Amino acid sequence: MVAIAFAMNLLSLSTPRSASRQAYRWGRRWAAPQVRMSSDQTQGPAPITPDFVTPVEVAGIRLSKPAKAPARSKKWVGLEGLDERTAGSLIPETLQGMEKDEEFQLTAAKLKQMGQKKLTLEEKKIRRRALKDRNLPSFQQHVQEQGIKINRESSTIFQLNIGLFCNQACSHCHVESSPQRKEMVSKEVAERCIEIIKNSPTVKTLDITGGAPELNDHFRYMVEEGRALGLDVIDRCNLTVLQEPGQEDLAEFLAKNKVHVVASLPCYSPKNVNMQRGSGVFDRSIKGLMMLNALGYGQPNSGLKLDLVYNPIGGFLPPEQVALEVKYKEELNEAFGIKFNNLFTITNMPIKRFADFLYRRGELQEYMELLVRNFNTAACSGLMCKDTINVGWDGRVFDCDFNQQLGLGMGTAGTNAGASEKLLAVKEGYSIFDVDSVDDMQTTDIVLESHCYGCTAGNGSSCQGATA
Ligand code: SF4
Ligand code: SF4
């Protein structure tokens, strides 16, 4: 019955007047809905999902309920005076922005009143209710009905969320980072992570995320140890950190260690970047990219990889990744002479600050519906929880960074019948001190919840971009 109701929902929701298409309007340039084709035409057309229509002219997208511009956001005045504008720390500007931002203040007050655990639980209930009210199935039920199995495969990526301190406080941050968050990895946890990686020959990548990972005391230790083990070390860099006082040698350190930089830049337009990431961020991001380019990052045959990350400014799906990469390359090269390797498109997860953003605008239900309607079977095979082990600053282990922020520890899924006897005894979720290698977790069930629809919508989404 539920399957029939769901199918009927899909039919009724796939009309051109679908609610999600009213959720935003295009700005100066209209792009007709596109049918996505695979970049490799020999494979035939890629799966088509109904709302996978966002044009690559992302700078022209305007939200129907405009998000507030950050406090003190100034008009972009070009490259002249960039050095002066980006001198000193961004932190005072970020703190000032947070103080003036009503949404931050409301969230902070709620957090103080309820505590993190209760707030996360309430958020989960709201997401579940959103599905129920629209007669949509839970994620687990839906994949089961489709006959899709989401199991862990060989773990090749060890992702460490090294700490939540950040010099920015972006409005869509799924980890709710800011200069006010002080949680950081300890030396003991950092060393244990390296020990586990040494015991895990399948791990080929050490992916360091945060907060602003570089501002953690043990960031450079992790990088050097990871590189000494021959791993591809990823730094998920916000770019503005390169100009923070005390980080003057950071770009050289990254280049010397051949660290793979994956940097967030949610648009090539100053307005959208500052709106989502805070006043002054566009200037500093451009400066950061120029610094990296000058060291060889993103340049042909340099061996220094620089990838960028796009995520939408509101409740809609990202455009097609390959086409948007072409557009980004064109725009950034023409305006600033900036080069980079690849662009990753990431769907906004309906959790934490972005869930709040949607909820306050009355768009959470609509967004959940959009994700469900655009469920793409082809996106399931590349889900990052299949080949990634995620570790938090306190050493707790998760299936992905999203589950980490929701407190859904690895090993807490249902009966978790596949886990080893030793790990079955761990009831509250594993820590790195419960395991010796990533292989120990190979048979543990993945914790799936309603937010997982964010990874399977449209072209799919992961820390490495689209998955379909
Ligand atoms: S999205 Fe990244 S840069 Fe922005 S606040 Fe969160 S961790 Fe910091
Ligand atoms: S959110 Fe869900 S589907 Fe996505 S990576 Fe995490 S566990 Fe997997």
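Trainee: Ground rules before we start?
Mentor: The model is predicted, so local features need pLDDT of at least 70 and side-chain atom pairs count only at pLDDT 80 or more, while totals for chains, interfaces and linings use all residues. Residues are numbered from 1 along each chain as its sequence is written, and chains are lettered from A and ligands numbered from 1 in the order in which they are written.

Trainee: How many helices and strands are in the protein?
Mentor: There are 18 helices and 10 strands. Both are DSSP runs numbered from the N terminus: helices are H or I with at least four residues, strands are E with at least two.

Trainee: And what share of the residues is buried?
Mentor: Buried residues make up 49% of the 468. Buried means 20 or more other C-beta atoms within 10 Å of the residue's own; exposed means 12 or fewer, and partly exposed is in between, with C-beta atoms placed from the backbone.

Trainee: What about contacts along the chain?
Mentor: Of the contacts with a separation of 6 or more, 78% are between residues 24 or more positions apart. A contact needs C-beta atoms, placed from the backbone, within 7 Å.

Trainee: Now the sheet. What is the strand order?
Mentor: The order is β8-β7-β6-β5-β4-β3-β9-β10. That is an open sheet of eight strands with mixed pairing. Two strands pair if DSSP finds at least two bridges between them.

Trainee: Which strands are at the edges?
Mentor: β8 (343–345) and β10 (397–398), each pairing on one side only.

Trainee: Walk me across from β3.
Mentor: β3 and β4 run parallel and share five bridges. Asn161 has Thr209 of β4 as its bridge partner. β4 is mostly covered, with four of its five residues buried. Further over, β5 (residues 232–237) joins β6 (residues 260–264) through four bridges, again parallel. There, Asp235 stands opposite Val261 in β6.

Trainee: Which residues of β7 are on the covered face?
Mentor: Leu306, Leu308 and Tyr310. Asp307 and Val309 are on the uncovered one. In a regular strand, side chains alternate between the two faces of the sheet.

Trainee: Switching to helices. How do α11 and α12 cross?
Mentor: At roughly 110 degrees, with axes that come within 8 Å. So α11 is roughly perpendicular to α12. Angles of 65 to 115 degrees count as roughly perpendicular, under 35 as roughly parallel, over 145 as roughly antiparallel and the rest as oblique. Pro270, Val273, Asn274 and Arg277 of α11 meet Val281, Phe282 and Ser285 of α12.

Trainee: What is in the loop between β6 and α11?
Mentor: Cys267 is found there. Cys267 is buried, with 22 other C-beta atoms within 10 Å. Cys267 touches Val58, Ala59, Asn272, Val273 and Ile313, leaving aside residues up to four places away in sequence. Its C-alpha atom is 8.3 Å from that of Pro312, 45 residues apart along the chain.

Trainee: Why is α15 called largely enclosed?
Mentor: Because nine of the 10 residues of α15 (residues 364–373) are buried. Among them are Leu364, Tyr367, Glu369 and Arg373.

Trainee: Last topic, ligands. How many residues surround ligand 1?
Mentor: 13, and the closest are Cys166, Cys170, Cys173, Ser177 and Asn238. A residue is near a molecule or strand if its C-beta atom, placed from the backbone, lies within 6 Å of it. The shell has six nonpolar, six polar and one charged residues. Ala, Val, Leu, Ile, Met, Phe, Trp, Tyr, Cys and Pro count as nonpolar, Asp, Glu, Lys and Arg as charged, and the others, Gly among them, as polar.

Trainee: And ligand 2?
Mentor: Its shell has nine nonpolar, two polar and one charged residues. The residues around ligand 2 include Cys385, Cys400, Cys452, Cys455 and His451.

Definitions and conventions:
Axes are lines fitted to C-alpha atoms, for helices over the stretch in contact, and angles run from 0 to 180 degrees between N-to-C directions. Two residues are in contact if their C-beta atoms, placed from the backbone, lie within 7 Å.
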